[in-house]
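Hello,

Here is the structure I promised to pass on to you. Have a look first, and my notes follow below.

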Amino acid sequence: MNGRFSFKVGNNSSLLVSYIGYDGQEISVRGKNRFNITLKENLQALDEVVVIGYGTQSRELLTTSVSKVDNKVLENVPYGNLASALQGAVSGVRVQSTSGQPGEAPRIVVRGGTSIQNPDGAAPLYVVDGITRDDINHLSSNDIESIQVLKDAASTSIYGAKGSNGVVIVTTKSAKAGKASVSYSYDFTISTIGKKYEMANAKDYLTLHRTGMVMQDKFPDATSELGLAKGYGTGNNLTNQTAFTTQYLNDSNRHKLNEGWISMPDPIDPSQTLIFQDNKMSDLAYRTGFSHNHHAEVSGSSERAKFLAGIGYLKNEGTLRATDYNRFSFNINGEVKVLDNLNVTGRVYYSNTRTHTSPFNSAVSFYRNASLAPTAKIYFEDGSYAPGSQWGMSNPLYSMSIAKYTDKSENYTLSLGADWTILPGLSFKPQIALYKTNTDKNRFMPAYWNGPNQQVKTREASANHNEWSHYQADAVLDYTRTFWEDHHFSAMLGLNYTERIIDAITAAGRGGATDNITTVNGIAERTAASSSSSTHKMMGYFGRINYNYKNKYLLSFSARYDGASNLGRNNRYGFFPGVSGGWHIDQENFYPDGLKKIVKAKLRASYGVNGNINGLADWAADGNYSVGQTFFGNPAIRISYPANDDVKWERSKTFDIGGDFKFLNSRLNITADYFRRKTDHLITMFTLPPSTGLGDVYTNLGSLENKGVELEINAEVLRFGKDGSWTIGFNASRVKNKILELPENGVENNRIGGEYVWDASKNQHTWQGGLQEGGTMGDMFGYKQLGVYSTDEEAAKAPQDMLITIEDRTKFGGDVNWLDADGDGKIDSKDRIYVGNQYPKWTGGVSSNLSFSGFDFYVRADYTAGHTIYNWARMFLDYSLFGDNNMTQDVVKYSWKQQGDVTDYPRFYRGNFTQCNATGARPGSMYYEKGNFLCFREVTLSYSFLPEIFKKARISNVRVSVTGSNLLYITSYKGLNPEDGGTDDGRYAMPRNVTFSANLTF
C-alpha cells in the first residue's frame, strides 16, 4: 500500500519496475536498502489499456475500432462543456462548435451518423461510469479520468439498440490506493470576441444610402425619404422622439460638434452640411468576459478502503452581453473491501448550473443589432439609453440589459456497485444507478421601447419545468482463464434494465401589471398551460467472448438482445451481434527478424449489427392523439397519426477493416481504418392517402450508406537530455454518404424535395438535390454570379431576368450578371447550379508537445474541409434588406459606383430595390462560401517546479501555465463561425480565450 514494498534480494540483484503508461526502470541494488523511484510517463504507452463496453482490454489485443482521447486535452482548458474536448482529438468523430454561448454543447456525429431526415442530429450514446445518458453536459473536465470512443459495430453492438451512432465512454476519477493527497487548481480566463462583422462607418453609410436613393426611372422615386427620421434621413432631432442623430447643421444643434459629433457635406446636396454621431454598433453587443474556475480534490486510502472527493466551481462569462454559464459540481466516490473477495463501490456526482442566454434569436443577436445604422443614438440627451430603430434592430446596451432569460439545471448521479470474485477467474459485478436532471427555463420580458415612440407593455412571462429520471440496473458475470499456457479465453454475460421518465409542465402568459414581478403568477392573461409525462423502458441481455492464441490470433464475438417499449408490438425485440478478429502478423515465423525490430503490425477486421430508435417518441408506434379539443361542444380526442404495430428497429450493418502499426519500438504508431455502414429500416413518417382522413404514420422505409477512411498517427520525434522529448499527433477522417432506398412515392428515384435545374452533363433539365435514391444529403443550389455589368451598354445585352418582381426588367451598369445555365435567354429558377454541400468531407486534428526540464509547450489544432455555408447574414447586411441598416466594409470598398467600374460587388441600391441583384429569393453564388478552416484550438506553455523547492511547505507539486484557446481560425469564410455548413442566419462566434492557471498538490 501507499507505494511501499519490501522483499529480500541478493546484493548484486537489480529491480525492474514498470507500470502501464510509464517507462520501466532497471535499478541496481548495490547494497542499498531504501529506494525512492519515480517512473517517467510514456506518452506512447498511455493507450495500452482502453475502456470498452462493460470492461477494459489491452490495446494489443483489441480487434475493434476504438479511439482514446489524449488526456493532454483535459489538462489546460476549463471547458464549459466537456464534449468540446473531443474536437480534433480522435478520428472518425465530427465535432462542431456551432455556438460561443458558454456551456453550449458542440455537435458530435460519429462516422456520418445514421439518419436521413436529420444527419446532424445523429448523436452518439454517452456512457458515464457505466450509466447511459444522452449527453455529457455539466460534467467538469477536472473530474475526468479518460474518454474513449467506440466506432465500429463490433465494439458498439454490446450496447445494442443504443449504439448505432457510436458510443462515447467517459470515466470519472475514482478512488485509488496511495497516501492521502490534496490538490487545488485555479484558472482565470480572459475572453474576447473571436470575430465580428466589419461594418461601414457613418460617413460611408450616409454616402451609399443617400446616393442609393437616386435610381433609374424604372424604380419609384425614393428621394422623399431623404428627409425622414431614418438612419440616413435628416428628419431627426435632439429629442427622445427620434432614434437617429442624422440632421442638417443649424444653430440649434451646432454645439454637438463640440461633443464629438461629425459633419460632412450632403452627398446629394453639397450646399447642405450633415451632422451625426459615428457609433460602432457591432462593438456594443460584445464585452470582454472574465471567467474563474476553482477545483479542489482530496483522496486517500487505508488497507480496506479508499476514497476521493472533488468539488468545483466555474463562472464563465460570455463575450455577448448578458450571456454566461455558472456551474457548481462535486464528485464523491469510494471503495470498501468488505471481504477479501468482495469490494463495494459507491459514487455521487452532482452539478448545479445557471445559464443566461440572449433574449433574441441568433439573427438579431449577431447581425441585425450590429447592422443598426452607425448614426443611431446610443443615449438620449437626458442620459438614458436610446432603444434603437425597433426591437429587432436595437441598441444592444438597452435591449440586452432588460430581458430576464435564465436556465437552471440540477443534475445528479447516484450509483452503488460491487465486484465479487466468486472463484479465481470468475467475478460478478452488479450496479444500480439513478441519473436525474431537473431543468427550469424562466423567461420574462418587461415593458420595453420598440423604437423611440412605441412602448410595449405586454410583459410576457413563461416558465418550463422538466424532470428527467433515468433508472438503471446492470449485472455482469466475467470469466477469464488460460488453457495450456497459450490459449487465453474470457467470457462475459450480463443484463441491463433502464427506465426513463420525463415529466414536464409549462405555463405562459402576458399582461403583467409591473416589471417587478417576473414570474408567471404576475400575468393577467394566460396564453399557454400544459403538462406531460412519458416513460420509456428497455431490457437487454448481452454477452461477449474473447479468445486469443499466443496473443497472435485474436477473436471476439459479442451480442445483445434488446427490447424497447416504444416499438410496435410485433417487433419490440431485436438481436444485434458483432464479430471481430485480429492477427499479429509480426509474430509469424515468416516475418523477417530484422523487420520485427522496426515495425510491429496487427491487422484486424470486424462486422456487426446495431439497432437504433433515436428520434422515435416514447409511444409513437401506438399512435398520437390530440386532446383538449371539443366536438359539438363535447370533449374530444383527435387522432394525429395512427398506430403501427409493425414499427421495428432501424438496423445498421458495419464492416470495418484496419491495422495498428508500431515502428521503432513504438516511437511511431499508426492506426488506419476503412469502414462501410449500411443502415436500413429507417424510421420515417409515411404519408397516407387522403381517403384515410389521416396524414402520416410511422413506418420503416429507406436505406443509407456511409463509408469512409480514418487515420491516426502518433510519433515521438525527438528525445534529448534527461527528460526532453517532442511528440506529435495527427488524425484525419473522410466520410461519404449515399441514399440507397426511400419510400415508394411514384416519383423518379423516389425523390423527396429537390430542385428542377439544368444538368449540363445530360444537356437537359433534371431534378437534383433533395433526397433521392443514388444521391447524397445536403446538396445546395444557387444562382451563379458571373460578375457585375460594367456599363449600361453591357447590361442591355443581359438575358431577361424573370426573378425581377416589377414589370420593367431592364438591367443597368452595376447590376449582377447572372448565368443563363440553360441558354434560353431567361434567368429563372431552372438556371440554378450546384454550389456545394453542407456536410464536410474531411475532419481531423494535429497536436505537438515539447517537454524539457519541467517546461511543456503544447499546441493543438483541428480542421474541417469540404462544407459549404450560405452566408445569409452577410447578404442581409450587404443589400440592406431592412431598408436602412448598415452594410459591410466590402460594399464600401468594392461595390460598383460608376460607369466602367469592374468589380464583383453590385451597385448599392436602397433596400427595397435589390431585385436586380440578390435577395432571399435570389441566393447568389457569391454568398455560398467554403467553410474550410484550420483552428488553433489550444496553445499552452506550462512549467512544473521541482518538488524540492516547496518541500518545506509540504507541497509535492506546483504547476503553472498560460493557455490560449480558439486563438485563430485560418479560413476564407466571411461569417462569424465557419464550423457549421448550411445557412448562416447569425452565429455566436467562438471566443478567443487566454487562461492563466495554477495547480498545487499537497
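Is Val336 buried, partly exposed or exposed? At 42% relative accessibility, Val336 counts as partly exposed, because that class lies between buried (under 20% relative accessible area) and exposed (over 50%), with a 1.4 Å probe and protein chains only.

Before going on, please note that this is a predicted model, where local features need pLDDT of at least 70 and side-chain atom pairs count only at pLDDT 80 or more, while totals for chains, interfaces and linings use all residues. Residues are numbered from 1 along each chain as its sequence is written, and side-chain values use heavy atoms, leaving out hydrogens and water.

Back to Val336: this residue lies in strand 18 (residues 324–339); strands are DSSP runs of E with at least two residues, numbered from the N terminus.

Three strands form an open antiparallel sheet in the order 13-15-14, where pairing takes at least two DSSP bridges between two strands. Its edges are strand 13 (247–248) and strand 14 (262–265), each pairing on one side only. Strand 14 is joined to strand 15 (residues 273–276) by four bridges, and Pro265 has Thr273 of strand 15 as its bridge partner.

Finally, the surface holds a patch of positive charge made by Lys707, Arg734, Lys736, Lys738, Lys841 and Lys930.

Best wishes

Definitions and conventions
Patches are made of residues with over 30% relative accessible area and no salt bridge: like charges are joined within 9 Å, nonpolar side chains (Val, Leu, Ile, Met, Phe, Trp, Tyr) within 5 Å. Accessible areas come from the Shrake-Rupley method with a 1.4 Å probe; for residues, only the protein chains shown count as cover. A salt bridge is a side-chain nitrogen of Lys or Arg within 4 Å of a carboxyl oxygen of Asp or Glu. Lys and Arg count as positive and Asp and Glu as negative; His and the chain ends are not counted. The place of a charge is taken as NZ of Lys, CZ of Arg, CG of Asp or CD of Glu.
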